[in-house]
Amino acid sequence: MPPAIMKLCFGISYPLVRSIAGLQRAALVAFGQEFARWQSRGQIALSAWSPLRWTEKVKLLEQRMSVLADEDVFYLRQGEAALNEALNIVESKDGWKLEMAEKNGDVIYSKVLTGNRKVFRLEAELNASPQDLQDILFFRIEEMHEWNPSIRRVKVLKHVSRNTVVTHEVSAETAGNLIGQRDFLSVRHSSKIGSRVYLGGAATWLESLPPQPGFVRAEDGPTCIVLEPLQDRPDCSRFIWLVNMDVKGWLPQSLLNKALPRVQEDFTKHLRRRLEAKDPENNRC
């Protein structure tokens, strides 16, 4: 194969080599051996393709890909761990107390964890299947500001896998917001077991996005949402949402304990409106 064509093939295959970690070393070594043969036959100038320079490039590329792979594994494991830990909290039987019960059937419970942090669990029924809600709340999360006025924007910064992402969320400046404007850097993970869908998340760190001037960097998690079809109405869902949040800043805990359940109820109200807008005749739940 002529050197020019080989270079072109390498350029085309480079993204694929990056994405298939198990092939990267073999592919790079094979290219290196081929370049060495061309060089020995005088087909490539020594200054352009010396074995030493090629070996150094291979090592640097492998090191870079290794770091990227390790980073992806870190976020994946963090997302899975956050979901598992949050589910342990949601599924625990002891310590839950009723905070509020709405006329539409929504209820919110609270529980005090070790360290005196209070978490809140909302339970509601929604007019959508678990898969539809997963699409809205996870796969199309960047659209959340379009239907939830408490969110200014959500940006996916890193696609770790189809079911794990790193996001940056900025809350909106709204009148009457007792907590104030915050931003969140989170790893989010989704999984499906049987007919149930699970969404989990927790605060994370990304070197390219440290805390931003003008915002208080709050921390989520571990937190989760559980979506399961109603037994007699599979196109409707039981929606369980655990809020476990450290909003940071100098806010009295008593104020936060009053504000967070209201945040949950407002979010659910906006989500219902989003579902109604999608299917105005859908009143089956």
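How many salt bridges does the count come to? By the rule used here, a side-chain nitrogen of Lys or Arg within 4 Å of a carboxyl oxygen of Asp or Glu, the count comes to 18.

This is a predicted model, in which local features need pLDDT of at least 70, side-chain atom pairs count only at pLDDT 80 or more, and totals for chains, interfaces and linings use all residues. Residues are numbered from 1 along each chain as its sequence is written, and side-chain values use heavy atoms, with hydrogens and water left out.

Next select Asp 72 and Lys 158, whose salt bridge has its closest N and O atoms 3.1 Å apart. This pair links distant parts of the chain, with Asp 72 in helix H3 (residues 51–91) and Lys 158 in strand E4 (residues 151–161), 86 residues apart. Asp 72 is partly exposed at 26% relative accessible area, whereas Lys 158, at 16%, is buried; buried means under 20%, exposed over 50% and partly exposed in between, with a 1.4 Å probe and protein chains only.

Finally, select Arg 121, Glu 123, Arg 196, Glu 228 and Arg 238 together, which salt bridges link in a network.

Methods:
Helices (H or I, at least four residues) and strands (E, at least two) are DSSP runs, numbered from the N terminus.
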